[in-house]
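Open the model in your viewer and keep the selection panel at hand. This tour tells you what to pick next and what you will find there.

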Amino acid sequence: MVPPTTTPQRTKQRRGEGQWALGYREPLNPNERSKKDDNPLNVRSRIENIYAHGGFDSIDPADLRGRFRWYGLYTQRKPGIDGGRTATLEPEELDDEYFMLRVRIDGGRLTTQQLALIGELSQTYARDTADITDRQNVQYHWIRIEDVPTIWRKLEDAGLTTMEACGDSPRVVLGSPVAGIAEDEVVDGTPAIDEILRRYIGDPRFSNLPRKFKTAISGLPDVAHEIHDVAFVGVDHPEHGPGFDLWVGGGLSTNPMIGKRLGAWVPSDEVPDVWEGVISVFRDYGYRRLRHRARIKFLVADWGPEKFRQVLEDEYLKRKLVDGPAPEVPAIPRDHIGVHRQKDGLYYVGAAPIAGRVSGSTLVEVAKVVERAGSGRVRLTPQQKLVVLDVPEAEVKGLQADLAKLGLQTEPSPWRRGVMACTGIEFCKLAIVETKARAVDLVAALETRLADVVAGVTEPISVHINGCPNSCARIQTADIGLKGMIVTDADGKQVEGFQVHLGGGLGLDAGFGRKLRGHKVTATELSDYVERVVRNFVAKREADERFAQWVARADEGDLK
C-alpha cells in the first residue's frame with residue numbers, strides 16, 4: 001500500500017513593515033507617498049508665494065492636510081459639528097477655513113518681549129486665543145492663511161518659529177522650566193537643547209520620519225520623561241559625574257507604553273550626537289506601513305532595550321556608551337507651582353491658569369507685570385502652567401497679587417493645580433467632546449464642593465480631560481483620566497461623556513490608570529463623580545497613601 005503524500009506546511013512570511021534599513025523604500029500608504037513626492041519643508045514657499053495670495057480655496061489638499069503640519073498648521077474644526085459625527089465625516093467636511101497655529105517654544109523658554117509679542121499676535125490675528133499646551137507650546141486659533149507669512153516674519157524676528165511644531169518630524173524639545181536655576185538640578189539641559197535645535201531642526205535628513213518624534217531633556221525629573229520617544233534625564237554617575245540617563249520608546253495615545261532605560265550614561269556635550277543616533281534608528285528602522293504602528297515605541301517593544309542599544313552603538317554611534325545608574329525617582333510630581341528659591345538667591349514663581357487656557361491679552365499683561373517685578377524671563381511648563389524666573393524677594397508678593405488679578409494663581413486649589421485638558425471639540429477635528437470649558441466648570445464646582453476636604457488632599461489629585469482617545473492631555477498617567485466619548489445616559493439618549501482611567505501616574509506611580517469594565521460617566525455627571533471618588537479616597541486612604549496606591553487596592557464600588 002502506497003502511503004498518502006503529504007503537502008509540506010508553508011512557513012508564513014511576515015509582512016514587511018516599510019523599514020528603510022531593510023530595503024522597503026517604496027511608500028506603503030498615502031502619507032508616505034506624500035512625503036516622498038515632496039519634502040514637507042518645501043511647503044513654506046508655496047504658503048508664502050501662492051496660498052497666502054490665493055486664499056484658502058487655492059490650497060492643494062495634499063499640502064492642506066499633510067505638509068502644512070511641518071510648519072505648525074492644522075485646519076480647525078468647522079463650528080456646529082457635534083462629536084457623534086466626528087468619525088463619520090470626510091476631512092473636507094470637518095475642515096474650517098481657519099487654522100490652529102502652534103508656536104514652537106523649546107524648553108518653554110521665553111523672554112518678556114517674546115511673551116508680549118505672542119500675545120500681540122494673538123490679539124491681531126487669532127481673535128485673542130492662546131493656549132499653553134502640555135508640550136510647552138502656545139497654540140493660536142482662527143488663523144487665516146493670508147496672515148501666516150506676516151506672523152512667521154514677526155515670530156522669527158523675535159527668535160521664535162513654528163517649524164516642525166507638528167508633522168512626522170522632531171517636534172518641540174521639552175526642558176525643565178527651571179533649568180539652570182533650580183537648587184537641586186543635577187545638570188542643566190539647556191546647552192544640549194540649543195545644540196539639537198541648531199544642528200537638526202529643519203534638516204531635511206529628519207523631516208521624513210515614520211511618525212512624530214518627541215524629545216525631553218532635563219536635569220530634573222519634571223518633563224514626563226517616561227512617555228517620550230527619547231528622553232535624557234539628569235543623573236549623577238559615581239565615576240563620571242553629572243550627565244543624563246537615556247530612555248527610549250515611551251508614548252501614550254491608544255497603545256500607551258512606558259519608555260525603556262537603555263542603561264547608558266551620556267555626558268552633556270554628547271547628548272546631541274546620541275539624540276541624532278536615536279532619531280536615525282527611528283527613521284531607518286521605524287515601521288512605515290501602518291500609521292498606527294509607526295511610533296518608535298513599537299520598534300522598542302519588538303526589539304527590546306538591549307537590541308536597540310546595540311544597533312544604536314554599532315550602526316550609528318560607532319562606539320559603546322558608558323553604563324550608568326538610574327535617576328532618582330521623585331516622591332511627588334514636580335510642577336513648580338508656588339514660590340521657590342533659586343540657587344542664585346532670587347526666586348521663581350509658578351502660576352496656574354485653568355488647563356492652559358489664557359488669551360493674548362492676558363499674555364501681554366503678564367509680560368508687563370513680570371517686568372515690573374524686575375524679571376525678564378518666563379517659562380511654560382509641561383503641565384500647562386507658567387513660571388516667572390529671577391524675581392527679587394521684595395517683589396514676590398506683589399507679583400503674586402498681580403498674577404492673581406490676571407487669573408494666574410500661585411497658591412491654587414488642588415483641583416486648579418491638577419487639571420489639564422486638550423483642545424477638545426471647540427477647535428479639534430478629532431475630538432468628540434468639549435474639554436477646556438468643562439475643565440473650568442469642573443474646577444469651579446470642586447473648589448466649592450470639596451472645600452471641606454482640602455486638608456485631606458496632601459498632594460494635588462490630577463484630573464486630565466481628553467476630547468478623544470489620542471491622549472494629548474495624558475489621561476493614562478493622571479490620577480483621574482477622562483477619555484471623551486459618546487455615551488448613553490439614564491434616559492437612553494446619546495450624550496457627551498467619558499471613559500474613566502483611575503490611578504495612573506509617573507515617577508513613583510509610573511503606569512497607566514485602572515479602567516473599570518463598562519463604567520462610563522456622562523458630562524453632566526462629571527462633577528458629582530469626581531467629588532464622590534475624592535471623598536472616598538480621603539475617607540478610606542491609609543496614612544500617607546497616594547491616590548494611585550489607594551486606587552490599586554480599592555473596591556470597585558468606591559471607584560464608581
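Start by selecting Glu164, which sits in the loop between helix 6 (148–157) and strand 6 (170–175). Keep in mind throughout that this is a predicted model. Check the backbone here: phi of Glu164 is near 55 degrees, a positive value in a residue other than glycine. Now show the surface. Is Glu164 buried or exposed? Glu164 has 0% relative accessibility, so it counts as buried, the cut-off being under 20%.

Next, select Arg127. Arg127 lies in the loop between helix 5 (112–125) and strand 4 (131–132). Phi of Arg127 is also a positive value in a residue other than glycine, near 55 degrees. The surface tells another story here. The relative accessible area of Arg127 is 51%, so this residue is exposed, the cut-off being over 50%.

**Into the interior**

How many cavities of 30 Å³ or more does a search of the whole structure find? The search finds 1. The space in the largest cavity is about 30 Å³. To display its lining, select Gly175, Ser176, Ala179, Glu185, Gly189, Thr190, Ile193, Ile217, Ser218 and Gly219. Color that selection by class: 6 residues of the lining are polar, 3 are nonpolar and 1 is charged. Helix 7 (190–200) supplies at least two of the lining residues, and so does strand 7 (213–218).

Move to the open sheet of 5 strands, ordered 16-17-18-19-20 with mixed pairing. Which strands are at the edges? They are strand 16 (419–421) and strand 20 (514–522), each of which pairs on one side only. Look along the sheet to see the twist, which averages 25 degrees from one strand to the next.

Zoom in on strand 17 (residues 463–466) and strand 18 (residues 480–488). These two pair in the parallel sense, over 4 bridges.

Conventions: Residues are numbered from 1 along each chain as its sequence is written. This is a predicted model: local features need pLDDT of at least 70, side-chain atom pairs count only at pLDDT 80 or more; totals for chains, interfaces and linings use all residues. Side-chain values use heavy atoms; hydrogens and water are left out. Buried means under 20% relative accessible area, exposed over 50%, partly exposed in between (1.4 Å probe, protein chains only). Two strands pair if DSSP finds at least two bridges between them. Axes are lines fitted to C-alpha atoms, for helices over the stretch in contact, and angles run from 0 to 180 degrees between N-to-C directions. On a 1 Å grid over the protein atoms alone, a cavity is a set of points where a 1.4 Å probe fits but cannot get out, and a pocket is an open set with protein on both sides within 12 Å along at least five of seven lines; lining residues have an atom within 4 Å of a point. Grid points are joined across faces, edges and corners, and a volume is the space filled by probe spheres set on the points. Ala, Val, Leu, Ile, Met, Phe, Trp, Tyr, Cys and Pro count as nonpolar, Asp, Glu, Lys and Arg as charged, and the others, Gly among them, as polar.
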